[in-house]
Amino acid sequence: MTSPVRRPLIAGNWKMHLTLAQSVELAKAVRESTKDSPAEVAVCVPFTALTVVAEVLKGSHVRLGGQDLYWEPQGAFTGEVSAAQLADAGATHVIIGHSERRRLFGDTDEWVNKKLKAALAAKLVPIVCVGETLDERQSNKTFRVLETQLAGGLKGFAPADVSAVVVAYEPVWAIGTGVTATPAQAQEAHSFLRQQAGKLYGEGFAAGLRILYGGSVTPETVDNLMAQPDLDGALVGGASLKAAAFMRIARFQVAAKA
Ligand code: PGA
């Protein structure tokens, strides 16, 4: 039974897309079209779009997120953005450890851990991404990878400090490929992650932890995914760039959770 404390979160990840004018247009469409969504709705936008999108979303139900951050509070770190700068620009959420960061830019579990610490200190809601590659899945290493990434990322906090954390299960083979994990594959991974979360910070933390699924979520796949008991939302890439598709995802329909 899904705990009523786990309010679903549907977060768009715009990645490195859109001009400022397009960002404003999409943010307005999201703001208007998701008003009656029972889920918490967020859009994670490029750094350069944060302030203009914040202006559009001001006073609305839609939350704003960054896609990464650097853990130092300030200093000579050319090209980086701190947690406090994100918050100052209007962000309430931030994605950490996305597989594209891990694969293309070298983010490690240790970095994820430092970024998480900085995000929590700035009172941002962190969305910590974990997930296995196709190779790892095919060689039966999925659980080992998830366990390592979760434990490494969430290491060393006091239980009270991690209550805002959101985890996103994003199998790398499903991201941007059009191959969505089946509801059963996603549920298996989510239930495993919840169990691991319990080992790290206790049953109460695990029961309240929101675990999102990400990887080719579409209007066609969202309902069956969200029907799974341990799926508490979605991190949506490609489909979040189309207002109509994102609206349908944010208004997912689930008869009753298993
Ligand atoms: P996708 O991306 O929905 O385009 O597969 C998801 C993500 O990378 O967060």
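Let's start at Gln 187, which is found in helix H8 (helices are DSSP runs of H or I, at least four residues, numbered from the N terminus). Keep in mind that this is a predicted model, where local features need pLDDT of at least 70 and side-chain atom pairs count only at pLDDT 80 or more, while totals for chains, interfaces and linings use all residues. Residues are numbered from 1 along each chain as its sequence is written, and side-chain values use heavy atoms, with hydrogens and water left out.

Is Gln 187 buried or exposed? It's buried, because its relative accessible area is 15%, and buried means under 20% with a 1.4 Å probe, counting protein chains only. Setting aside neighbours within four places in sequence, Gln 187 is in contact (heavy atoms within 4.5 Å) with Gln 228, Pro 229, Asp 230 and Leu 231.

Now for the largest nonpolar core, which has 70 residues. Such a core is a set of buried Ala, Val, Leu, Ile, Met, Phe, Trp, Tyr and Cys residues joined through side-chain atoms within 4.5 Å. Ile 10, Val 43, Val 53 and Tyr 213 touch the most other members. Helix H8, residues 183-201, supplies the largest share of this core, six residues. Apart from it there's another core, of twelve residues, including Leu 9 and Ile 95.

Finally, look at the ligand. A polar side-chain atom of His 98 lies 2.6 Å from a ligand oxygen atom. Gly 176 has a backbone N or O atom 2.6 Å from an oxygen atom of the ligand.

Methods
Buried means under 20% relative accessible area, exposed over 50%, partly exposed in between (1.4 Å probe, protein chains only). Helices (H or I, at least four residues) and strands (E, at least two) are DSSP runs, numbered from the N terminus. A polar contact is a pair of N or O atoms within 3.5 Å; within protein, one must be able to donate a hydrogen and the other to accept it, and residues adjacent in sequence count only if both atoms are side-chain atoms.
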